[in-house]
Amino acid sequence: MYTTPEQFSAAAKTNFEAQIAALSALTNSAFNSVTKIVDLNLNTAKASFADSSAAVKQLLAAKDAQEFFSLTSAQTQPTAEKALAYGRSLAGITSAAQAEFSKAAEEQIAEGNRKVSEFIDAVTKNAPAGSEKAVAFVKTAIDNANAGYEQFSKTAKKAAETLQANVDSAVTQFAQTTAKTTSRAKK
């Protein structure tokens, strides 16, 4: 397969071009995720400003302290719900981006492993007699590195899933606490 330097050079160039294409796709994905987060933040800021303006007008129109505190209490629940919705949206965007990056990384590593295996097989076909032990050592080292990566990848996925579960749990607990606080304040 790689019997001449020209063949090796062509394979390296093809691999480099594939890496650039993958990097470009990841860059576009990251840019899209950042755009989604910016849009979310802008929309949240606009809505928050509009809600705050309306709330201030209501509070200023209150005729007595009881009505003022009643209005303040009534605004707590919708504000908390909006904060929860924002948190969920942000978590969804970041989770999707993380999944996309993980998938791309796995694909690149799998492709790289395939190409390394092909290269090793091609080189070993032309290896001089007596080099079997060295070739076996290199293959074993590559297999061990791949196994290590797979274990690392599984651990990273598990950590990301645990983090997402913790965020979801925290959001749920926050929602429950807010609902209880609001219902107590209305009494």
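A pocket is an open set of points on a 1 Å grid over the protein atoms alone, where a 1.4 Å probe fits, with protein on both sides within 12 Å along at least five of seven lines; lining residues have an atom within 4 Å of a point. This is a predicted model: local features need pLDDT of at least 70, side-chain atom pairs count only at pLDDT 80 or more, and totals for chains, interfaces and linings use all residues. Residues are numbered from 1 along each chain as its sequence is written, and side-chain values use heavy atoms, without hydrogens and water.

**Second largest pocket**
- Its volume, the space filled by probe spheres set on the grid points, is about 290 Å³.
- H2 and helix H3 (132–186) each give at least two lining residues; helices are DSSP runs (H or I, at least four residues), numbered from the N terminus.
- The lining splits into five nonpolar, five polar and two charged residues. Ala, Val, Leu, Ile, Met, Phe, Trp, Tyr, Cys and Pro count as nonpolar, Asp, Glu, Lys and Arg as charged, and the others, Gly among them, as polar.

**Largest pocket**
- The largest pocket has a volume of about 380 Å³.
- Of its 14 lining residues, Ala47, Ser48, Asp51, Thr79 and Lys82 are the closest to the centre.
- Helix H1 (5–60) and helix H2 (65–125) each supply at least two of the lining residues.
- H1 gives the largest share, eight residues.
- Six lining residues are nonpolar, six polar and two charged.

**Ser33**
- Ser33 sits in helix H1.
- Beyond its neighbours within four places in sequence, Ser33 contacts Ile93 and Ala97 (heavy atoms within 4.5 Å).
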